[in-house]
Amino acid sequence: MSPSPLFKVFLATLVLLAKSNTLEEEEKVNMLVILPKDNSYMFSIDRVKPAIEYALRSIKEDDSLLPDIRFDVAYQNSDCGNMALFNLVDTAVLMQKPDVIFGPVCEYAAAAVARLASHWNIPVISAGALAMGFTHKAEEYSHLTRVSPAYSKMGEMFLAMFKYHQWERATLLYSDDILERNCYFTVEGVHQGFKDEGYTMTIQNFDETKHVDADEIVRSIKSKEERVVIMCASSDTVRNIMLAAHRQGMTNCEYVFFNIELFNSSTYGNGSWKRGDKHDLEAKQAYASLQTVTLLRSVKPEFENFSIEVKSSVQKLALSDGDYVNMFVEGFHDAIILYAFALHEILSKGFSKKDGMKLVHQMWNRTYEGIAGPVSIDANGDRYGDFSVIAMTNPEAGTQEVIGDYYGLQGRFEMRPNVKLPWGHGKLKIDYPKPDQGNTCKSCGLGESAVTGIVVGAFLGTGLLMTFYFFRKKYRITIERRNRQDDIGKHRQLREDSIRSHFSAA
C-alpha cells in the first residue's frame with residue numbers, strides 16, 4: 001500500500017524543518033564568556049562586556065568577514081575558582097556545548113576549563129591564564145590561545161634588557177597573597193627566563209595582607225651582592241620600599257630598582273611617586289632610581305574611540321575607579337576579532353565551526369590588527385609581549401617618560417633616541433662588589449697553637465658527627481614522613497590545578 005499524499009507532505013515538511021534547523025545552527029555561533037561577576041576584579045563581566053559588544057559590532061559592520069553568521073553570547077560567572085568549571089558543565093548539559101569559550105582569566109579557574117575544553121575540542125581564548133604552566137600546550141591545554149602577553153614574555157623582556165646593559169644578576173622581590181598570586185606568577189616567569197640563561201638571582205617575598213617592614217626588606221637587599229632589584233607589589237608598597245632604600249643610601253646610582261606595572265592598571269605597580277603627603281619630596285628623589293616596566297601603550301585614533309565608549313558604558317554601572325580600559329578589556333576585544341578571522345578562514349576552506357583544532361591552529365602563528373595595534377601570536381598560541389620602560393627624566397620636576405622599548409616579535413630591546421636618560425648616555429653600568437680574595441700576607445699565617453686547636457677541634461667534630469649520625473638514623477623515618485606531609489600540604493593547590501610551577505619560592 002503506497003503512502004497517502006498527506007503523509008508524503010508531512011514527511012517532506014519534516015525534512016525541510018530538519019534542514020532548516022541544521023542551516024540555522026550552522027549560521028549561529030554559541031559563544032560562552034566565563035568571567036567573574038564580582039566587580040572588584042578588573043576583568044569582571046560588567047567591565048569586559050562593553051569591549052566584547054564593540055568587537056561584535058565591528059564584525060557585523062564588515063560585510064566581507066562573517067556576513068551570514070549570528071553570534072549568541074552567554075555570560076557565566078567564573079569567580080576565581082571551581083565555579084568556572086561547574087558553570088561550563090551546566091551550560092553544556094542544560095543547553096548545549098559552546099562553539100568557543102572566552103576566559104577565564106584567573107589561573108586556577110582557567111586550568112580546569114581549558115583542560116575540559118581541550119577534551120571537548122572547543123577553542124578557549126583568554127586574556128588571562130598567564131602563568132608559566134599554561135605554556136605546555138601539548139596535552140591538557142592544547143586548545144588554549146592567550147591574547148595577552150604571558151608572564152614568561154616579561155621574562156624575555158628583562159633578559160633582553162640585562163643583555164643590553166650587560167648586567168649579571170638580580171634580586172626578585174614580590175608580594176605573594178596566596179590567593180590569586182599575580183605577582184608570584186609574574187616573578188616566576190622572570191625567574192625562569194633568567195634561570196634558562198644561567199643568571200644569578202636571589203628571591204624574596206612578603207605578604208601584603210600583613211605588616212610589611214620596608215626597612216627590614218631593604219636591609220636584606222643591602223646585605224646581598226645584587227645591585228638590580230625587580231619588584232612586583234602594590235604601588236603603595238613599592239613607594240614605601242623606595243623611601244626606605246633612599247633613607248639607607250641606596251638611591252645614589254649604586255642600585256637600580258625596577259617596578260612591574262601589571263595589566264596596564266594602577267592596582268599593581270603604578271609608577272607615580274606623588275601622593276600629596278609629607279613624603280612627596282623624598283619619594284621624588286627616591287624614584288630617580290626607579291624604572292617602571294609596563295605594556296607598550298597605543299596611540300591609535302581607533303583606540304581612543306574604543307576607550308571613550310567602554311568608559312561610558314562602565315560609568316553607567318557606577319563603576320568609577322579609573323581603570324576602565326586595561327590589558328584584559330583590550331585583550332577580550334582582540335580575542336573576539338582573532339576568532340572571527342580564524343572562523344572566516346576555515347569556513348572558506350570548507351571546514352565547520354565544530355572543527356576546534358583547525359580553528360585553534362588557524363589562530364596561532366599569525367599577526368593581525370587589534371584595537372591598540374598589531375597583535376602577534378606565536379607558534380605556541382601565546383601573544384608576543386611588547387613592553388616599555390619608564391624612568392624619571394627630569395629629577396627637579398619629577399616627570400617620567402618612556403626611555404626604552406622591547407619588541408617581542410623581534411626579541412629586541414632598544415633605548416629611545418633623544419631622551420634624557422637618568423644616568424646620562426649609553427648603557428647603565430653597575431659596579432658589583434668584588435668577592436673577598438682573602439689576605440695573602442705571610443705575617444697573617446696561623447701559629448702553632450692555632451694548628452693544634454684545629455686538630456683537636458677536628459677530633460671533637462668527628463665525634464659529634466658520629467653521634468648525630470646514629471641519632472638521625474634512629475628517627476629518619478619519622479622525619480621524612482613529617483616532611484612529606486608538610487610538602488603535600490604546601491603544594492597541594494598548585495598540583496590539583498595542574499599549574500606546574502617550577503619556581504623555587506612556591
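Let's start with a pair of side chains: Glu156 and Lys153 form a salt bridge, and their closest N and O atoms are 3.9 Å apart. A salt bridge here is a side-chain nitrogen of Lys or Arg within 4 Å of a carboxyl oxygen of Asp or Glu. Keep in mind that this is a predicted model, in which local features need pLDDT of at least 70, side-chain atom pairs count only at pLDDT 80 or more, and totals for chains, interfaces and linings use all residues. Residues are numbered from 1 along each chain as its sequence is written, and side-chain values use heavy atoms, with hydrogens and water left out.

**Salt bridges**

Side chains of opposite charge can pair when their charged atoms come close. Glu156 and Lys153 both sit in helix H5 (residues 151–165), three residues apart, or about one turn of the helix. Helices (H or I, at least four residues) and strands (E, at least two) are DSSP runs, numbered from the N terminus. Buried or exposed? For Lys153, the answer is buried, because its relative accessibility is 6%. Glu156 is partly exposed, at 34%. The cut-offs are under 20% relative accessible area for buried, over 50% for exposed, and in between for partly exposed (1.4 Å probe, protein chains only).

Helix H7 (residues 214–222) holds Glu216 and Arg219, three residues apart, so about one helical turn separates them. Glu216 is partly exposed at 42%, and Arg219 is partly exposed at 43%. Then there's Glu302, which meets Lys300 in a salt bridge and is partly exposed at 36%.

| Salt bridge | N to O distance |
|---|---|
| Glu156 and Lys153 | 3.9 Å |
| Glu216 and Arg219 | 3.1 Å |
| Glu302 and Lys300 | 3.8 Å |

How many salt bridges does the structure hold? It holds 25. Lys28, Arg70 and Asp72 are linked in a network of them.

**Empty space**

Rolling a probe the size of a water molecule over the atoms shows where empty space is left. On a 1 Å grid over the protein atoms alone, a cavity is a set of points where a 1.4 Å probe fits but cannot get out, while a pocket is an open set with protein on both sides within 12 Å along at least five of seven lines; lining residues have an atom within 4 Å of a point. Grid points are joined across faces, edges and corners, and a volume is the space filled by probe spheres set on the points.

There are three cavities of 30 Å³ or more. The largest has a volume of about 90 Å³, and its lining includes Leu130, Tyr151, Glu261 and Phe387. That lining divides into ten nonpolar residues, one polar and one charged. The second largest cavity holds about 80 Å³ of space. Leu130, Tyr151 and Phe263 are among its lining residues, which divide into eight nonpolar, two polar and two charged.

Next comes the second largest pocket, with about 450 Å³ of space. Of its 25 lining residues, the closest to the centre are Leu296, Ala372, Pro374, Arg383 and Asp386. Helix H11 (327–348) and strand S12 (373–377) are the elements that give two or more residues to this lining.

**Out on the surface**

Which residues make a nonpolar surface patch of about 430 Å²? They are Val89, Val93, Leu94 and Met95. Leu94 lies in helix H3 (residues 83–94) and counts as exposed, because its relative accessibility is 69%. Patch residues have over 30% relative accessible area and no salt bridge, with like charges joined within 9 Å and nonpolar side chains (Val, Leu, Ile, Met, Phe, Trp, Tyr) within 5 Å.

Conventions
Ala, Val, Leu, Ile, Met, Phe, Trp, Tyr, Cys and Pro count as nonpolar, Asp, Glu, Lys and Arg as charged, and the others, Gly among them, as polar. Accessible areas come from the Shrake-Rupley method with a 1.4 Å probe; for residues, only the protein chains shown count as cover.
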